[in-house]
Amino acid sequence: MNATEILQELLSPAGRADPFPLYAAVHRLGPVLPVTDDVFLVAGYAATDEVLRNPAFEIPSEPSDQPALQLMQRSILRANPPDHGRMRSLIAQVFTPRRVATLRPAIEAAVDGLLDDLLDDLQAEVDFMDRFAFQLPVTVICELLGVPPDDRHRFRPLASDLTAALELTDASDASADAAARELGEYFAGRIRDPGADGLVSALVAARDAGDGRLSDEELLANLILLLVAGFETTTDLLGNGLAILLREPSLVPDEAFVEEVLRYNSPVQVTTRTARIDAEISGTAIPAGAGLVLLLGAANRDPERFPQPDRFDPSRTGNKPLSFGAGAHICLGNSLARLEATIAFGRLRERFAGITPAGEPARRDRLVLRGYQSLPVRLVRA
């Protein structure tokens, strides 16, 4: 297979379901592969890391009349310098390691509350994704945003619809646009009544300062992004991790386990960049204006960086997957996601003597965001 065939297969239903053999095929060809004269696949760990950190490459920002894409392009997710740094500095204060560490008691309480609810269903089939993997991160991020508990149930389908716009397709997605509009209406209401403290009120104050740090459109877009990104990838991390524990129940679900889950089955498999200027990556010339498809999931399984990359091994030394990106656009909430997952898996092991499959799991039909739609299990009290 050549690079064009591999990319086409990745975009197929079979490739989306199991991209890992295709990643191995990419590595046999090289770290950077031309698909056309102005499109390149980047799969090597070192090459991907370099692109993510090199200011010669930026987020693609072509004008769009699609509401979902317009929303994302106004947020830090799709912004480039100087707008990206200006907006990110306002939000980053909430996600400093020190601030995230103070959230541990609240996360532990949320985990224990959800597990208490699961104790009522011992020996019964429960959907881990619906009952826990979604509930935990949405509770945490909504507490940060001041979103009332009664509103939280509506966000999972909206987030799923909105993030469909991130997939590698040129087709307009009506459900993504509808989700963007509904989320926009919801957060417009939150902005009108932000409360006395919390992240929403802080960002509203930044907008109202009148110093150009944040526009109305940017405020709305970033609040939606924080909600969606705050639980979408963490939900997938929890589901992907539990699927591994179901297969290998003797594993110890500690911080090293979480890091290996991120490497082995990253919630984010693909991102994209555009070359601002002529550049070179791993000996391959990249012309200005070329598009790069960064296969994060492949970089995390690069045999040059990770011996026996298809083996799940939490004892790996120097394990630094690129699942949350790198450089200026590294995910702001990466430390929060890691903390949530570490607490969740540890508490699951403490509270339940056994967790076993209870039916066929169902993956979402996505390439960029990889996770389960449902993961039925049975629980045994410790």
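Me: Is Y45 buried or exposed?
Reply: This is a predicted model. Buried means under 20% relative accessible area. Y45 has 11% relative accessibility, so Y45 counts as buried.

Me: What about F306: buried or exposed?
Reply: F306 has 2% relative accessibility, so F306 counts as buried too.

Me: How do I describe two aromatic rings together?
Reply: Use the distance of the centres and the angle of the planes. A search of the whole structure gives 9 aromatic pairs. One of them joins Y45 and F306, with 5.5 Å centre to centre and 85° between the planes. That pair is edge-to-face.

Me: Where in the chain do Y45 and F306 lie?
Reply: Y45 is in helix α4 (residues 45-53). F306 is in the loop between α16 (296-299) and α17 (334-351). They are 261 residues apart, and the pair links distant parts of the chain.

Me: Why is the pair of F134 and F231 called edge-to-face?
Reply: Planes over 60 degrees apart count as edge-to-face. Here the planes are at 80° and the ring centres 5.3 Å apart, so F134 and F231 qualify. F134 sits in the loop between α9 (128-133) and α10 (135-145), and F231 in helix α14 (residues 216-247), so the pair ties together parts 97 residues apart in sequence. Both F134 and F231 are buried.

Me: Which residues form one aromatic cluster?
Reply: F257, Y264, F312 and F345 do.

Me: What sits over the ring of F306?
Reply: The charged end of R305 does, 4.8 Å from the ring centre. Another case is R363, which lies over the face of Y372 at 4.0 Å from the ring centre.

Me: How should I think about the nonpolar core?
Reply: In soluble globular proteins, nonpolar side chains tend to be buried together. Here the largest nonpolar core has 89 residues, and F128 and F132 touch the most other members. The largest share of this core, 16 residues, comes from α14.

Me: Which residues does F132 touch, not counting those up to four places away in sequence?
Reply: V111, L114, L115, L118, P137, L238 and A344. There is also a second, separate core of 42 residues, including L52, L294, F306 and L322.

Me: Which residues lie nearest the centre of the second largest pocket?
Reply: P55, F57, P81, A328 and H329, out of 17 lining residues. The volume of this pocket is about 250 Å³. α4, β3 (57-58) and α6 (83-92) each supply at least two residues of its lining.

Notes:
Residues are numbered from 1 along each chain as its sequence is written. This is a predicted model: local features need pLDDT of at least 70, side-chain atom pairs count only at pLDDT 80 or more; totals for chains, interfaces and linings use all residues. Side-chain values use heavy atoms; hydrogens and water are left out. Rings of Phe, Tyr and Trp (its six-membered ring) pair if their centres lie within 6.5 Å; planes under 30 degrees apart count as stacked, over 60 as edge-to-face and the rest as tilted. Helices (H or I, at least four residues) and strands (E, at least two) are DSSP runs, numbered from the N terminus. Buried means under 20% relative accessible area, exposed over 50%, partly exposed in between (1.4 Å probe, protein chains only). A charge sits over a ring if NZ of Lys or CZ of Arg is within 6 Å of the ring centre and within 35 degrees of the ring normal. A nonpolar core is a set of buried Ala, Val, Leu, Ile, Met, Phe, Trp, Tyr and Cys residues joined through side-chain atoms within 4.5 Å. Contact means heavy atoms within 4.5 Å. On a 1 Å grid over the protein atoms alone, a cavity is a set of points where a 1.4 Å probe fits but cannot get out, and a pocket is an open set with protein on both sides within 12 Å along at least five of seven lines; lining residues have an atom within 4 Å of a point. Grid points are joined across faces, edges and corners, and a volume is the space filled by probe spheres set on the points.
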